[in-house]
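Let's take a walk through this protein together. Have the sequence and the model open side by side as you read.

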Amino acid sequence: MAKSLLETFASLDPALKHTLADIDNSRQLALAALELAETQAGIDRLSAEHIVACLESAGVTIKKLSITRSLSGARGLISSRKEEGETFYKIMTKGKREIETILSGNKLSVVRIEKDQPRTARLELQEIFKNLTGEVRICDPYYGVRSLDALDFVPDKCTVKFLTVNAADSARKLSGAVKDFKKERPKVELRIADRSAGIHDRYVVTNSGLILLGHGLKDIGGKESFIISIEKTLAPDLIKSTIRGFDSKWATASVI
């Protein structure tokens, strides 16, 4: 199987992975894998073994026998054909109809961050940030050296605008760290706004969604908090207004 297919499933949005994990119907789980392989990776036929491997890459376990048994009675939902003695499956329109509501139903996800578990919290944050794409706007009232570490979780290909107000570390400590960071992450721009800008909330916004952060990037995991991810389709007007508000403050902020 192409490595890129397994990578595609491994890098699925965390909310979508949770959706897959919550599907307790073997047929629907197989249909979901077929649909995602086609829409996310452009591969329209998979064997039962491939389906198992893809789901495993997404953190979901199922037996090959469960797949073959469930798809054997999925008449009209899939098509199948033999290739060198192995059966390959392709999802049909009826199958897409059955699974699309389940796959598109999770527009909002919530991750609870435990108190005094900073390492676990940063791993959770990394899992969320690694799936960001396009232009990423991040607002966090306080920043420090560990904020830069968190920004490294965002893929290199993204353009990042980080807007803050207050420095939590000494100027001497931050100066060298920021200089080194800029050398390796030229597509990340840091700006500091005046306190009169009224920046209090912590969030990440892109053209595809909004992430609300209950705690700052520099010390996430120090207290109990939540990370709430909202897809654009759930609140398009909220996404647009948040971007406008960010851009307005960004325009008057000073480069760090």
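## The big picture

First things first: this is a predicted model. The protein has ten helices and 13 strands, and its C-alpha trace spans about 65 × 35 × 35 Å along the principal axes.

How much of the protein is buried? Of the 256 residues, 44% count as buried. If you look at contacts with a separation of 6 or more, 72% of them are between residues 24 or more positions apart.

## The largest pocket

The largest pocket holds about 790 Å³ of space. Its lining takes in 36 residues, and those nearest the centre are Asp13, Pro14, Ala15, Leu16 and Glu231. Several elements give two or more residues to that lining: the helices α2 (14-22), α3 (26-41) and α6 (93-104), plus the strands β4 (108-113), β10 (203-206), β11 (209-213) and β12 (225-231).

Which element gives the largest share of the lining? That's α2, with five residues.

## A three-strand sheet

Now over to an open sheet of three strands, ordered β1-β3-β2 and paired antiparallel. The edges belong to β1 (46-47) and β2 (78-83); each has a single partner strand, so one side of each has no neighbour in the sheet. Helix α3 packs on this sheet, where it touches β1, β2 and β3, and its direction is at about 75 degrees to that of β3.

Zoom in on the pairing of β1 with β3: the two strands run antiparallel and are joined by two bridges. Here leucine 46 stands opposite tyrosine 89 of β3.

Tyrosine 89 sits in strand β3, which covers residues 86-91. Is this tyrosine buried or exposed? Its relative accessibility is 8%, and buried means under 20%, so tyrosine 89 counts as buried.

So who does tyrosine 89 touch, leaving out residues up to four places away in sequence? The contacts include a run made up of Asp44, Arg45, Leu46, Ser47 and Ala48. Tyrosine 89 also touches Ile78, Ser79 and Ser80, along with Leu34, Thr68 and Leu71. Aspartate 22, by contrast, is 67 residues from tyrosine 89 in sequence and 23 Å from it in space, C-alpha to C-alpha.

How values were computed:
Residues numbered from 1 in each chain as written. Predicted model: local features only at pLDDT ≥ 70, side-chain atom pairs only at ≥ 80, totals over all residues. Heavy atoms only, no water. 1 Å grid on protein atoms, 1.4 Å probe; cavity = no way out; pocket = protein on both sides within 12 Å on 5 of 7 lines; lining within 4 Å. Points joined across faces, edges and corners; volume = space filled by probe spheres on them. Helix = DSSP H or I, 4+ residues; strand = E, 2+ residues; numbered from the N terminus. Buried < 20%, exposed > 50% of the residue type's maximum accessible area, 1.4 Å probe, protein only. Contact = heavy atoms within 4.5 Å. Pairing = 2+ DSSP bridges. Axes fitted to C-alpha atoms, helices over the stretch in contact; angles between N-to-C directions.
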